[in-house]
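Hi everyone, thanks for coming. I'd like to walk you through one model today, so please have the picture open while I talk.

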Amino acid sequence: MQIVRRAFQDPRVKKYLFNSSWMLSEQLLRIVAGVFVGIYIARYLGPELFGALSYVLAISAFILAVVRLGMDAVLVRDLVGEVERERLMGTAFWLMTAAALICYSLAGLTFWGMDEVGDVRLYLFIASVSAFFLPFLSIDYFYQSQLKSKYSACCKTVTLFFMSLVKLWLIYVEADLFSFVLASLFDHVLLAGLLLLIFYKGYGLSFLKNFSWKSAKEMLVSAWPMVLTAVASLIYMRIDQIMIRNMLGLYEVGIYSAAVKIYESWIVIPYIITVSLLPAIVKVKAGDEVIYKKRIAQLFGFVVWISILAAVVTCFLSEHLMVLAFGEAYRPSAAVVNIVMWTAVFASIGSVSARYFNVEKMERKIALRTLIAASMNVCLNWLLIPLYGIKGAAISTLFCTFFAHYLLDWFDRDLRILLQLKHQSLFILFKRVKESDDGF
C-alpha cells in the first residue's frame, strides 16, 4: 500500500491519471448512455428494425475505420512534444478528408448495386456521410497527445448528452427508423462542430492551411497497417452482423446486436485505458527499457483480470440482464452474451498489444496477424452460422480473437518478449511490485 501511495503522489503519475480520468469519465458516461439509450431504442424498434439499424451502422463502421487512417495512434504518437503541430495536424486532416471522399464514392457504387430493399439502401447512404466529419477528430488526437483530453472529452460529453436526449425524444414521438439513422449522422456532425469551435478559441484554425507531402508519406507508411488492423478488428464483431443478415435475417441481427452492445459497453474501458497511457508508454520506452517492460506487463495484468471478472459476473446474470434490460423478446441474446464477454478478455490483451506494436513501430506485424484472424473469422462464420445460428458467430469471434492476440505470438520469434510479458501478467497481481522512478 505504501508503494501505491507513493506512486500516486508522483506529479508525473498524477498528470497521466488526470488526463486519463477525463477520457475514462467520458467513456463511462458513453457506456451508461449507450446502454440505457440503446436499450430503449432496441425495445422501441423491436428485434427486426433494431437489426436493420445495427446492420446499417455495421457497414458504415467499416467506412469510418478506413477514413480514420489509424491516426488515433499515429498522430497521437507524432504530436507528443507538440513539434510542428500545424503541419502534422493539417496533413492528417486532409489525408482523412481525401480518404472520406474516395471511400464514400466507392461505397456509394457498392450500395447502388446491392440486392437490398430501397429503404435500407437509403439508410446506408445517409449513415456513411459521417465519414466527412471524421477528419475533425485530428483535433481530439492533438489534445490526447498533449495530455489535455479534458477539452475533447467535454465536447464528446456535450454531444453525447444532447444526442441522447434527441434519441429519447424520437422514441417519445414514435419516430420511424429513418429518424434514428439521421440521429446517428448528427452524432458526428455535432462533435465535429464542437471540436472545431473549442480549438479555434485556443489555437486558431491555421492548421487547415497546412499540408506536407513528406509528412503524408511518413504517416501513411505507419498508418496503413493500422487501417488494416482497424478494419480487421471490426470484422471480428461487425462482419458477423452482416453475414447473419444475409444468412439468417434482420430479426437474428437484432438479437445478436443486443448481445454485442453489452460487449462493446465493456471493451471500451480497457481500450481507453491503453490509449490514454500511450504518451506515457512512449516516454518510458525512451527512458528505461526494463521499467518499460514491467509497466507493459502490469498493464496486461490489469486489463486481463478486470475482463475476466466482468465475464464471470456476466455469465451468472446474462439471462436476467438481457430480459430486464431489453425485454422478453431478447431472451435468446443471453447465450451470445456469455460467449462474447469471454471474447472481451482476449480483446483487452489485443488493446495493450496494439500499443506495444505502435511504440515498437511493428504496425505491419499486427496488421498481418489481424488480417489472418479476420479472414479466419469469415470462414468460420460460413461454417458455424448455418450449424449453430447466432451462437456460431459468437464462437467464431471468440476463437479468432484468441488466435490473433495470443496463439500467433508463439509462431513469431520477434514476439517472444511480448509473449513473456503476457504470461507474466497472469501473476502480476500476486507479486510485490518494486518501487520505481519512471513516472508511469
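**A walk through the helices**

Let's start with glycine 46, which counts as buried because its relative accessibility is 15%, where buried means under 20% relative accessible area, exposed over 50% and partly exposed in between, with a 1.4 Å probe and protein chains only. Glycine 46 sits in helix α2; helices here are DSSP runs of H or I with at least four residues, strands are E runs of at least two, and both are numbered from the N terminus. In space, glycine 46 is 9.3 Å from phenylalanine 326, C-alpha to C-alpha, although 280 residues separate them in sequence.

A word on the ground rules. This is a predicted model, where local features need pLDDT of at least 70 and side-chain atom pairs count only at pLDDT 80 or more, while totals for chains, interfaces and linings use all residues. Residues are numbered from 1 along each chain as its sequence is written, and side-chain values use heavy atoms, with hydrogens and water left out.

Now the overall picture. The protein has 16 helices and zero strands. Of its 440 residues, 56% count as buried. If we take contacts, meaning heavy atoms within 4.5 Å, between residues at least 6 apart in sequence, 84% of them join residues at least 24 apart.

What about the inside? The largest nonpolar core has 133 residues; a core of this kind is a set of buried Ala, Val, Leu, Ile, Met, Phe, Trp, Tyr and Cys residues joined through side-chain atoms within 4.5 Å. The members that touch the most others are Ile41, Met71, Leu75, Met219, Tyr256 and Phe326. Helix α2, residues 11-68, gives this core its largest share, 20 residues.

So which residues does phenylalanine 326 contact, beyond its neighbours within four places in sequence? They are Gly38, Ile39, Ala42, Arg43, Ala258, Lys261, Ile262 and Leu321.

In α6, nine of nine residues are buried, including Asp140 and Gln144.

Next, helix pairs. Two packed helices are described by the angle between their axes and the distance between the axes. The axes are lines fitted to C-alpha atoms, for helices over the stretch in contact, and the angles run from 0 to 180 degrees between N-to-C directions.

Helix α6, residues 137-145, packs on helix α8, residues 177-203, at about 55 degrees, with the axes 9 Å apart. That makes α6 and α8 oblique to each other: angles under 35 degrees count as roughly parallel, over 145 as roughly antiparallel, 65 to 115 as roughly perpendicular, and the rest as oblique. The contact of α6 with α8 divides into ten nonpolar residues, no polar and one charged. Here Ala, Val, Leu, Ile, Met, Phe, Trp, Tyr, Cys and Pro count as nonpolar, Asp, Glu, Lys and Arg as charged, and the others, Gly among them, as polar. On the α6 side we find Leu137, Ile139, Asp140, Phe142 and Tyr143.

Helix α12, residues 289-326, meets helix α16, residues 416-425, at about 50 degrees, with the axes 8 Å apart. α12 is therefore oblique to α16. Phe300 and Trp305 are among the α12 residues in this contact, and Leu418 and Leu421 among those of α16. Its residues divide into seven nonpolar, three polar and two charged.

Finally, helix α13, residues 333-360, and helix α15, residues 390-405, pack at about 15 degrees, with their axes 9 Å apart, so α13 and α15 are roughly parallel. The residues of their contact divide into 13 nonpolar, five polar and one charged.

Most residues other than glycine have a negative phi. Glutamate 174, however, has a positive phi of about 60 degrees.
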